[in-house]
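Please keep the sequence and the model in view while reading.

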Amino acid sequence: MGESKSKIGDSTLSRHKATTIQFDLTKPLSLSGPSNADIRRNAMLHKFLITSGVYESLEETERREEVLAQIRQIAKDCVKQVTSEKGYSSKWVKNANVVIFPYGSYRLGVHGPGADIDTLCVGPYNVRLQEFFSYLHKILAKMDEVTNLQTILDSYVPVLKFKFQGILIDLVYAPIYFRIVPNDLDLSHNSVLGYVDKKAVPSLNGYRVANKILELVPNVENFRTTLRCLKLWGNRRGLYSNVTGFLGGINWAILVARVCQLYPNANPSMLVCRFFRVYTEWKWPNPVMLCPLVESNRRRFHVWDPRKYLKDRTSVMPIITPVYPSTNSSYNVSTTTLNIIKDQFEFGKKMCEQIELRNGQWDSLFEFYPFFEAYPCYLLINVSASDEEDLLDWKGFVKSRLMKLTLKIERAHEKLQCHPCTNAYTDESISPARHCAFFMGLKRKKEETTEEVHMQTNEEVNVLATGAQFADEVKGRYPNWKQTMDINLNLVRREEMPSYVFRQQSVYMLSFKQLSKLTNVTK
Ligand SMILES: Nc1ncnc2c1ncn2[C@@H]1O[C@H](COP(=O)(O)OP(=O)(O)OP(=O)(O)O)[C@@H](O)[C@H]1O
Ligand SMILES: [Mg+2]
């Protein structure tokens with residue numbers, strides 16, 4: 001096929017040495033287009049995607065647009081009201097404006113049914129983030145169409161999360177140093193970053209990144225279809241979750257976009273197979289980048305660069321955002337989760353080879369990962385609170401700390417390997433609104449033995465002690481912790497797995513379309 005493998009992730013780099021990291025972008029690996037067989041496989045893939053329910057209905061698309069229009073109006077009223085209450089003239093109030101920029105998977109055009117809409121709201125400088133969120137929170141709390149309202153101010157990107165007519169919205173806000181925010185505001189040029197506070201840059205960049213990705217791929221439609229495939233695949237193989245140390249939407253988007261650049265004329269079925277070929281060959285921690293790193297003369301922001309910054313040398317699977325200031329979007333991936341991801345990519349490569357060789361079915365590639373069969377023992381992390389609202393915040397916090405638990409166990413028990421499950425489960429017999437459970441598979445590391453070995457009693461005791469320590473730390477670190485919020489950890493053997501896990505697992509295994517209609521399952 002005239003393809004060259006030589007430059008994938010470059011060199012034989014085995015350890016993270018900044019000086020030997022490959023920063024140059026290689027040229028396409030192949031300019032070949034699809035053969036007749038590729039065209040047939042692509043048609044089968046397309047059918048498979050439709051039956052898997054990754055596309056939303058026209059009705060839902062229209063509803064999303066209506067919801068965005070309503071949110072724009074509410075946000076605009078909100079800035080007007082805050083401006084007025086702060087004593088600005090009636091002219092200021094009249095001119096107070098916001099511009100809404102959807103980003104994330106919605107902007108990329110790859111969102112499935114039930115996906116969130118990530119929305120950037122740019123407002124005037126006189127309405128600060130806290131004021132905007134607090135005012136908007138009050139307005140939304142009174143609306144019947146709004147549920148699950150949550151303001152998260154202490155995260156890297158402060159966000160207001162809510163469901164509007166059942167559609168999940170993640171709203172971020174950036175006040176800009178303009179007296180009047182023009183409706184045709186252009187965020188593409190780097191100079192726009194000079195008009196916002198440093199803290200607002202990550203909020204603006206979500207939108208800038210999505211736009212840049214679309215600009216940098218050779219064929220947007222092929223990119224979209226391939227990305228839909230990989231998002232579905234990642235979900236089914238238990239790899240779709242940034243917070244648990246695997247890969248989130250942005251990571252999949254950049255990984256796929258790079259493959260599209262390497263094979264500019266390939267169709268989606270080819271690109272899916274090339275994806276696994278490229279990333280099973282990739283020499284991590286060489287970074288995946290879509291364009292060269294851009295530095296600014298003013299050096300106002302940190303641009304990811306292990307040649308300059310020691311901290312950036314700890315990235316194990318760098319996937320770099322394509323706009324200034326570039327960051328490593330996969331900072332949560334650890335050596336443990338990278339190994340799990342690599343194993344799964346090998347699985348993907350094997351399945352694709354069979355599909356290509358024997359004209360196999362796509363189902364085999366997209367098989368669900370049998371998480372609850374894969375390990376002899378599991379750590380069960382029970383999380384509870386007194387009501388639904390408290391549980392929502394508390395379990396979110398616990399989930400964001402699970403990565404730390406993985407590292408803690410592996411550090412304390414060198415022989416063990418941890419595999420966090422990306423889904424949360426609920427024992428319906430307790431009270432779904434007040435409890436949920438996370439699981440981690442545990443086994444001896446590969447080099448120890450290829451056989452499954454149950455943990456010894458002293459190991460079990462030690463793991464539970466590490467777990468108890470983790471539980472205390474999480475409670476201590478959670479700023480809104482209450483006596484009624486609890487977390488406890490137990491070990492469960494595979495044969496003793498509680499039955500609610502299997503009932504809910506089968507719910508997860510339903511297609512996305514059906515899944516989005518079920519409200520009692522936590523993503
Ligand atoms: N780790 C990160 N680094 C840089 N940007 C991020 C990161 N996480 C999220 N973002 C930004 O926020 C956007 C929305 O994140 P989100 O997790 O909703 O992904 P998504 O691409 O919308 O996929 P999904 O369909 O799962 O919602 C991303 O597209 C990206 O621009
Ligand atoms: Mg999203």
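Leaving out residues up to four places away in sequence, D118 touches F101, P102, Y103, G104, S105 and D170, where contact means heavy atoms within 4.5 Å. The model is a predicted one, in which local features need pLDDT of at least 70 and side-chain atom pairs count only at pLDDT 80 or more, while totals for chains, interfaces and linings use all residues. Residues are numbered from 1 along each chain as its sequence is written, chains are lettered from A and ligands numbered from 1 in the order in which they are written, and side-chain values use heavy atoms, with hydrogens and water left out.

D118 belongs to strand β2; helices (H or I, at least four residues) and strands (E, at least two) are DSSP runs, numbered from the N terminus. With a relative accessible area of 13%, D118 is buried, a word that stands for under 20% relative accessible area, with exposed meaning over 50% and partly exposed in between (1.4 Å probe, protein chains only). Strand β2 as a whole is mostly covered, since 8 of its 8 residues are buried.

Two strands pair with β2, pairing being assigned if DSSP finds at least two bridges between them. Strand β1 (residues 99–103) runs antiparallel to β2 and is joined to it by 5 bridges; here Y103 stands opposite D118. Strand β5 (residues 167–176) runs parallel to β2, with 8 bridges between them, and D170 is the bridge partner of D118 in β5.

D116 lies in the loop between α4 (104–108) and β2 (117–124). Apart from neighbours within four places in sequence, D116 is in contact with R64, S105, L168 and D170. Both D116 (OD) and D118 (OD) coordinate the magnesium ion (ligand 2), at 2.1 to 2.2 Å. Donors are N, O and S atoms within 2.8 Å of the metal (3.2 Å for Na, K and Ca), and water is not among the atoms, so sites may look incomplete. An unreviewed UniProt entry places the feature "binding site" at D116 and D118; such annotations may be inferred rather than shown by experiment.

Among the buried residues of α10 are L338, I341, F345 and M351. Their cover includes α1 (36–51), α12 (388–412) and β7 (416–420).
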